[in-house]
Amino acid sequence: MDDLFFTGGVFGGTRGARVVPLEKGVFPLDHECELEKKDYLNCMKTSGHQSETCREFSKKYLRCRMEK
């Protein structure tokens, strides 16, 4: 039964191939809305991570992401 785990399971899976996470910045949205993202993260940092304080920055960032 343990052999199934290492060979990718009963349906084949990756057959022992190593899974590698995606590199940061590979999606187009990672490079858009930079100003909004920086404003939001700066607000979170200066407010001690109080999300209520940064709600407007969060809305602007999410609005930008939805428009792209």
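Predicted model: local features only at pLDDT ≥ 70, side-chain atom pairs only at ≥ 80, totals over all residues.
Colleague: In which helix is confidence lowest, and in which is it highest?

Modeller: Confidence is lowest in H1, with a mean of 50. It is highest in H2, with a mean of 95.

Colleague: Next, the fold. How many helices and how many strands are there?

Modeller: The protein has three helices and zero strands. Read from the N terminus, the order is α-α-α. Helix H1 covers 2–6. Helix H2 takes in residues 34–46. Helix H3 takes in residues 55–67.

Colleague: What share of the residues is buried?

Modeller: The protein has 68 residues, and buried ones make up 10% of them.

Colleague: How do I read contacts along the chain? What share joins residues at least 24 apart?

Modeller: Take the contacts between residues at least 6 apart in sequence. Of these, 35% join residues at least 24 apart.

Colleague: Now the cysteines. How many disulfides does the model hold?

Modeller: First the general idea. A disulfide is a covalent bond between the sulfur atoms of two cysteines. The count in this structure is two.

Colleague: Which cysteine pairs with Cys-33, and how far apart are the sulfur atoms?

Modeller: Cys-33 pairs with Cys-64, and their sulfur atoms lie 1.9 Å apart. This pair links distant parts of the chain. Cys-33 sits in the loop between helix H1 and H2, while Cys-64 belongs to helix H3. The two are 31 residues apart.

Colleague: Is the link of Cys-33 and Cys-64 left-handed or right-handed?

Modeller: It is left-handed, with -90° about the S-S bond.

Colleague: Are Cys-33 and Cys-64 buried or exposed?

Modeller: Both are buried. For Cys-33 the relative accessibility is 7%. The cut-off for buried is under 20%, so Cys-33 counts as buried.

Colleague: And which cysteines form a disulfide with sulfur atoms 2.1 Å apart?

Modeller: Cys-43 and Cys-54 do. They too link distant parts of the chain. Cys-43 is in helix H2, and Cys-54 is in the loop between H2 and H3. Here the separation is 11 residues.

Colleague: Why is the disulfide of Cys-43 and Cys-54 called left-handed?

Modeller: Look at the torsion about the S-S bond. It is about -95°, so this disulfide is left-handed. As for burial, Cys-43 is buried at a relative accessible area of 10%. Cys-54 has 0% relative accessibility and also counts as buried.

Colleague: Number the bonded cysteines in sequence order. What is the pairing?

Modeller: The pairing is 1-4, 2-3.

Colleague: On to charged side chains. How many salt bridges are there?

Modeller: The count comes to two salt bridges. One joins the side chains of Glu-34 and Lys-37, at 3.5 Å from N to O. The other pair is Glu-56 and Lys-59, at 3.8 Å from N to O.

Colleague: How are Glu-34 and Lys-37 placed in helix H2?

Modeller: They are three residues apart, which means a separation of about one helical turn. Glu-34 is partly exposed, with a relative accessible area of 29%. Lys-37 is partly exposed, with 29% too.

Colleague: And how are Glu-56 and Lys-59 placed in helix H3?

Modeller: These two are also three residues apart, so about one helical turn separates them. Lys-59 is partly exposed, with a relative accessible area of 41%.

Colleague: Last, the backbone. How do I read a positive phi?

Modeller: Most residues other than glycine have a negative phi. Cys-33 has a positive phi, near 65°. Cys-33 is the loop residue between H1 and H2 discussed above. His-49 also has a positive phi, about 65°, although it is not a glycine.

Colleague: Where is His-49, and is it buried or exposed?

Modeller: His-49 lies in the loop between H2 and H3. Its relative accessibility is 58%, so His-49 counts as exposed.

Methods
Residues numbered from 1 in each chain as written. Heavy atoms only, no water. Salt bridge = Lys/Arg side-chain N within 4 Å of Asp/Glu carboxyl O. Helix = DSSP H or I, 4+ residues; strand = E, 2+ residues; numbered from the N terminus. Buried < 20%, exposed > 50% of the residue type's maximum accessible area, 1.4 Å probe, protein only. Contact = heavy atoms within 4.5 Å. Disulfide = S-S within 2.5 Å. pLDDT = per-residue confidence, 0-100.
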